[in-house]
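I set out to record how two chains of this model meet. The entries below follow the order in which I looked things up.

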Amino acid sequence: MNLRNAFVLFHVSLRSSVAGLALLAPTLGDAQAQIAVRGETIHTAAGAPIRDGVVVIRDGKIAAVGPAASTPIPDGFRVIRAKVVTPGLIDAHSTVGVSGMLNQKQDQDQLDKSGPIQPELRAVDSYNSLDPLVDWMRSLGTTTLHTGPGPGALISGQSLVIKTAPQNLDSATLMVDAAIIGNIGPEALSGSKDKAPSSIAKSIAMLRSEFTKAQEYRRKLGVADVEKRPARDLHLEALSRALDGKEALLITVQRHQDILAALRLAEEFHLRLILDGAADAEQVLDPIHKSGFPVILHPSMARAEDALQNASMGTAAALQKAGILFALQSGFESYVPKSRVVLFEAAIAAGHGLPFDQALASITLNAAKILGLEGRIGSLEPGKDGDLALFDGDPFEYSSHCIGTVISGVVVHEGAK
Amino acid sequence: MTLTSGARFLSLSLAVLACLVAGHARAQEKAIALIGARILPIQGSPIDDGVLLVQGGKILAVGPRASVPIPADAEQRNVTGKVVIPGLIDTHSHIGLTGGAVNERSGPLNPDMRAVDAVDVRDPSLQRARAGGITTVNIMPGSGTLMGGQTVYLKLRQGRGIDDLTLRTPSGRVAGGLKMANGTNPQGDPPFPGSRAKAAALVRERFLAAQAYRDKITRAKGDPEKLPARDLGLETLVEVLAGERVVHHHTHRHDDIMTVLRLKQEFGFRLVLQHVSEGYKVAAEIAAAGVPCSVIVIDSPGGKLEARDMDWKTGGVLEKAGVLVGFHTDDPVTDSRLLLRSAALAVRAGMSRDGALRAVTLAGAKMLDLETRIGSLEVGKDADFVLLSGDPLSVYSRIEQTWIEGLKVFDLTDPKDAVIANGGFGAGNPRLSTLCCFGNHGGDQ
């Protein structure tokens, strides 16, 4: 099978560039249709928009993208038409599928408060691909979710990158253990004076102490004498992957002092950070820029409360002007609405000074770059997954509809949403 | 503590600002003419290149440029290219209810409680509402009890205290309705109802008590010996029974909606259904009962069991059924700066554009018994209006100015107002989150 070989090749190349990521070969089954999408405007996220363009998808992968006049549609391909076509949307940070729609005890798996630092908890072990919110996101153009533990603990677990396809878990999974998820700030405190951490300084002390243990664990694993190596420890094993940046630490830090604390921690332990939330980012643009770390900004419409009291619908535009790589996210919501939607969050950013192309990139190619998956998703280019979102007008306009969603060449949503 | 102090400082400076403005809060003397905008008066057809003339806090004239004479001494403002609509009316909000003032969970029935005693009008959430074009708001207690208390209708004038913002009914009392709720939010351990049937029974008993109280007063014919001891809660319910105070009833599920309609039938009160998430399932029944609906629009369903079947189509389905439809923010559930967005998402799901704009203006005014005064740009009505950069239902349009009774209360070109409108450092909110405790007692809003 050519297809399978291609996946293996891809698997190897990504492994070499983003070490430590477990990649599963994606197979959406044999049902992959041979389809072509013809759009009045195609935003590829990899160059100027194409007027009257075609995207040809063969065996789940993009085979060709270009003007209709010069891009032939092979015989027998199903042709779908849309006014506007974009890459499938990528939700750079979500809790969908882990924090269920109903918000009842039995469907809330995003936070285990039994310990403040639990990197060994994996989203892959708690993701519910059939939660109605997965379907909801799919119907609004989201084809890939980076989902997992929510905020509220110093380290709450490891995340998962998964397609929103209604198939079983393994075939849709892009990355298991995508990132370690952490949180520094008032929302990650114990809430009780006699239970740690009840302060930010203690939070940092605990993280430093734990990463120091992970350093020691890693050192001992390398000793020559097998008998002297420590027993396998899932907790320290996960943390040690974050050392030297083998696995990213996505750290939710809303306030400026918490952002700086995270950067300090990264410097000490050579962590590769993804700064998450970053409500106060505009106060510390220089240190963020200097660090080279990307930002997954809080939802544009996040409530301006508590640690987010300085949140702004204009921060996305400010990050773009500062030349900082950033994406938008649906984030975590504890009540109603149970999740935000990246399409709408990017729309609000676009309405508050972020240029259209940059707003689209924040939920497509730039999100893929932050997740280390730009070789596979995020733009409409030959060789990438056939993931598309179809609209009947400007995707960001309130009254437009997402009229189709395609994942690996399979139409997974049709109708005006 | 730095941030908290900063927030306090901000709230102080806002307060100082409010004081300065309040000095001439009810005195718009000079006529102002807004010239050249596209005016959407809501009552009547859109007017291109229009003139809106206001003086003394009222609308003097509205119409095409050619047909509206502008007094020589009027202040002329060229607003060519802009769009002018009536001030928005948020029929359900919790702005200004700081520090847990939303719900009183010591008992399930609190008709004696008044929102007017709890709203902090200097809270930044009020300026956020002005930034969202909201000029009149129904601030309500929460839905954590069957009867949350008396709501208060406020004009979002810049004022020193709440008395500068209240409206009066023809009888002279502070305008407002009664907040009620059913479904899961008001449930709990005794004395709270443990079931829907118990909730309805508790409410019916209290209304029966109010009827008895009313009848006793009637029979006493003013004889102090025969008059019952004054009961603040029953007194409020007597206003409700007389139709002088509208019930704003939180309800989501189709069966809970029907329960509210049943109670209305039994006790004859005037009613606005609030949230109405499953209203599309019982649209015909709601229409037959002649009950207006103030609908919530949220970005995704769920978050609680009753919002599972929420659908953006509710507004359009109810509109087609002939129901008077409004929208609300339920701030902080949705953001006061984005009330127009709720109307626009309803259009996305099938509601007419005219209906959606009417919903956040004139329909809202009707739900608050204020339609003779606000809700449309008509001669003699209050000069409450919003100036936008473009189509009110577009994500790319910005609200540039908000005016109440001829005075500007929000201006996007003012850096302080821009921080409120966009967010950012200094927009800090001194209040505690009202979303802290849902798991403990079944919901606040």
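Entry 1. I began with contacts, counted where heavy atoms lie within 4.5 Å. I found 47 residues of chain A in contact with 45 residues of chain B. I note that the model is predicted, that local features need pLDDT of at least 70 and side-chain atom pairs pLDDT 80 or more, while totals for chains, interfaces and linings use all residues. Residues are numbered from 1 along each chain as its sequence is written, chains are lettered from A in the order in which they are written, and side-chain values use heavy atoms, without hydrogens and water.

Entry 2. I next looked up the buried area, that is, the accessible area (1.4 Å probe) that two parts lose on being put together, summed over both. Between chain A and chain B the value is about 4100 Å², and carbon and sulfur atoms give 58% of it. Q309(A), Y335(A) and Y398(A) supply 20% of the area that chain A buries against chain B, more than any other three residues.

Entry 3. I then searched for salt bridges (a side-chain nitrogen of Lys or Arg within 4 Å of a carboxyl oxygen of Asp or Glu). The count between chain A and chain B is 0.

Entry 4. Lastly I examined R348(B), which is buried (under 20% relative accessible area, 1.4 Å probe, protein chains only). R348(B) has no salt bridge, and D392(A), the nearest side chain of opposite charge, is 7.0 Å away. Among the residues that R348(B) touches, I list E397(A), Y398(A), K417(A) and W312(B), with residues up to four places away in sequence not counted.

Terms used
Buried < 20%, exposed > 50% of the residue type's maximum accessible area, 1.4 Å probe, protein only. Lys, Arg positive; Asp, Glu negative; His and termini not counted.
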